[in-house]
Amino acid sequence: MSFLPLLMRPWIWAVLAGLLLAGRASAAEDAMPPRGLTVADSALSTGAIMVGILNYTAWPGEARPLQVCISRQAAEAAAILAHLEQAKSGRPLRARAIEALLPLPTDCDAVYFDGWELEAQRAALRSLAARPVLTLGRGPEFCSDGGLFCLEPAAAGLRFEVNLDAVARSGLRVNPLVLRLARPRAASSS
């Protein structure tokens, strides 16, 4: 799949700019606690980051609508689902809420983890290892446990980090533009 036709669309540049703003925070901002980040702001940022990452990721096989599964227990689940349903995406997205329980539905192309019991989340990530499922979650331990992208609050909203080892094992092809915007996890923590 060539990413060149996508790069020629103006809305892609808007998404990239949003990812750049959400994904990059200076060291001084990183040291500051987040101020005034409401659940609605967090959901909008989470949804925007998710759409950007989904648009710049290629799954093996034929192109098809993506099934995005959101943990129903996430504080902002309803707002993220609404954002994903309204998002202008390069490919059709179908979003639905799932319970934070095993086994995971087998038709999820991407899973947003939030509100899971830690051991159940770890087991779910192990079950998805080496499968073409994009996983996103909160906090640095999510990437350390095998998740692909972990979201963390920053003074300017949310930033995201990437577990390059997990991305490589997944078989997904994430555009280098997204990988450059993300903060890579230290090799010892994946």
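Predicted model: local features only at pLDDT ≥ 70, side-chain atom pairs only at ≥ 80, totals over all residues.
Me: What makes Arg159 and Glu152 a salt bridge?
Reply: Their side chains meet with N and O 3.0 Å apart. The criterion is a side-chain nitrogen of Lys or Arg within 4 Å of a carboxyl oxygen of Asp or Glu, and the pair therefore qualifies.

Me: Why is the contact between Asp107 and Arg96 called a salt bridge?
Reply: The closest N and O atoms of Asp107 and Arg96 are 2.9 Å apart. Since the limit is 4 Å, the pair is a salt bridge. Asp107 lies in the loop between β3 and β4, and Arg96 in strand β3, so the pair ties together parts that are 11 residues apart in sequence.

Me: What makes Asp107 and Arg96 partly exposed?
Reply: The relative accessible area is 36% for Asp107 and 26% for Arg96. Buried residues are under 20% and exposed ones over 50%, so these two residues fall in between.

Me: How do you know that Arg122 and Asp145 form a salt bridge, and what does the pair tie together?
Reply: The closest N and O atoms of Arg122 and Asp145 are 3.0 Å apart, which is within 4 Å. Arg122 lies in helix α6 (residues 118-128) and Asp145 in the loop between α7 and β6, so the pair ties together parts that are 23 residues apart in sequence. Arg122 is partly exposed, at 27%. Salt bridges with shared partners also join Glu119, Arg122 and Asp145 into one network. In the whole structure, eight salt bridges are found.

Me: How do you know which residues line one face of α5?
Reply: The buried residues of helix α5 (residues 77-86) are Ala77, Ile80, Leu81 and Leu84. Seen down the axis of α5, they fall within an arc of 100°, so they line one face of the helix. An α-helix has 3.6 residues a turn, so residues three or four places apart point the same way. The face of α5 turned away from this buried side carries the exposed residues Ala78 and Gln86.

Me: Why are β2 and β3 called paired strands?
Reply: Pairing requires at least two bridges, and six join β2 (residues 66-71) to β3 (residues 93-98), so the strands pair. They run parallel, and Val68 has Ala95 as its bridge partner in β3. Together with α5, these strands make a right-handed β-α-β unit.

Me: What makes β5 a paired strand?
Reply: Four bridges join β4 to β5, and three join β5 to β6. As two bridges are enough, β5 pairs with both β4 and β6. Each of these pairs runs parallel. Phe113 has Gly137 as its bridge partner in β5, while the partner of Leu136 in β6 is Phe149.

Me: Why is strand β5 called mostly covered?
Reply: Of the five residues of β5 (residues 134-138), four are buried. Each of those four is therefore under 20% relative accessible area. In the protein, 45% of the 190 residues count as buried.

Technical notes:
Residues numbered from 1 in each chain as written. Heavy atoms only, no water. Buried < 20%, exposed > 50% of the residue type's maximum accessible area, 1.4 Å probe, protein only. Arc of directions from axis to C-beta. Right-handed = clockwise from strand over helix to strand, strands pointing away.
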